[in-house]
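Let's take a walk through a protein model together. Have a look at the sequence and the 3D view first, then read on.

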Amino acid sequence: MVTIETLMSLEKQHAEEEAKTLTGDDISWLVNLLNEKDDKIRYQALLLLQSRSAGFHDVYPYWDVFLQKLNSDNSYQRSIGLMLLAENARWDTENRMEDALDALLKILNDEKPITVRQCIQALHQIIPYKRQLTEKIADALISLEIAKIRPSMQKLVLTDILGVLCVIRKQQPSGKIDAYIIQALSADILDRKTKKEIEKMMAGQ
């Protein structure tokens, strides 16, 4: 049984092993701890739930709890929701992600650039399990207005977007995606090193 003491002393590299020992009561308790005001407790609970979700399907029943967090006024709660939804996409045999996707995509316009990045990374995680949603995801990413993002974060957000689009184009070639990537590579937002990395991804290296 997990306690606050064991939770607070848990190191990230041991989360996978600890997650294997969780019971149903532990999982329920950890989901409740996601609402804690203490950042450390919330983070540790999230870490264990993410680790558990990577190997077991028993966090998936809390799907609606995570979905509701996308509408929270708290950016950390929005991030928790999208990360746990993405982690549980692998267990979504009921195809609930199809209904949840619009709410996820709204986070691309979040006021917090870090939350936008987490959303893009979550979409990246969803793609292998929901290929039928890749076109809609690609359209949303291409439509994101980079110019509206804080200048210091534009490069990072654009790099995240291009990484997801490169994965999608391998599964489903698209002239629209190619045109977006080429345009991004010809603009001044990315540095030379990042452009070379994207070019390698396009070439499948």
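## A charge without a partner

Asp 26 is buried yet takes part in no salt bridge, and the nearest side chain of opposite charge, Arg 52, is 8.0 Å away. A salt bridge is a side-chain nitrogen of Lys or Arg within 4 Å of a carboxyl oxygen of Asp or Glu. As for charge, Lys and Arg count as positive and Asp and Glu as negative, while His and the chain ends are not counted.

Asp 26 has its place in helix H3, residues 24-33. Helices here are DSSP runs (H or I, at least four residues), strands are runs of E (at least two), and both are numbered from the N terminus. What does Asp 26 touch, not counting residues up to four places away in sequence? Met 1, Val 2 and Thr 21. Contact, by the way, means heavy atoms within 4.5 Å.

Before going further, keep in mind that this is a predicted model: local features need pLDDT of at least 70, side-chain atom pairs count only at pLDDT 80 or more, and totals for chains, interfaces and linings use all residues. Residues are numbered from 1 along each chain as its sequence is written, and side-chain values use heavy atoms, with hydrogens and water left out.

## The whole chain

Zooming out, the protein chain has 12 helices and zero strands. With 205 residues, a compact globule would have a radius of gyration near 17 Å, and the chain's 18 Å agrees with that. That radius is taken over C-alpha atoms, and the globule rule is 2.2 Å times the number of residues to the power 0.38. The C-alpha trace spans about 55 × 35 × 30 Å along its principal axes.

Of the 205 residues, 45% count as buried. Among contacts between residues at least 6 apart in sequence, 67% join residues at least 24 apart.

## Charges that do pair up

Side chains of opposite charge can pair when their charged atoms come close. The chain carries 27 positive and 30 negative side chains, and the centres of the two sets lie 7 Å apart. For this, the place of a charge is taken as NZ of Lys, CZ of Arg, CG of Asp or CD of Glu. A search of the whole structure finds 14 salt bridges, and the table lists some of them.

| Salt bridge | Closest N to O distance |
|---|---|
| Arg 52 and Asp 58 | 2.6 Å |
| Lys 155 and Asp 191 | 2.5 Å |

Lys 155 lies in helix H10 (residues 151-171) and Asp 191 in the loop between helix H11 (175-186) and helix H12 (192-202), so the pair ties together parts 36 residues apart in sequence. Lys 155 is partly exposed, with a relative accessible area of 31%. Salt bridges that share partners also join Arg 78, Asp 110 and Glu 111 into one network.

Which residues is Ile 198 in contact with, leaving aside its neighbours within four places in sequence? They are Leu 162, Cys 166, Ile 181 and Leu 185. Ile 198 sits in helix H12 and is buried, with a relative accessible area of 2%. Its C-alpha atom is 8.5 Å from that of Ile 181, 17 residues away along the chain.

Ala 89 lies in the loop between H6 and H7 and is buried, with a relative accessible area of 2%. Leaving aside neighbours within four places in sequence, its contacts include Trp 63, Ile 126 and Tyr 129.

Asn 95 lies in the loop between helix H6 (75-87) and H7. Asn 95 has a positive phi of about 55° although it is not a glycine. Most residues other than glycine have a negative phi. At 36% relative accessibility, Asn 95 counts as partly exposed.

Note on methods: Buried < 20%, exposed > 50% of the residue type's maximum accessible area, 1.4 Å probe, protein only.
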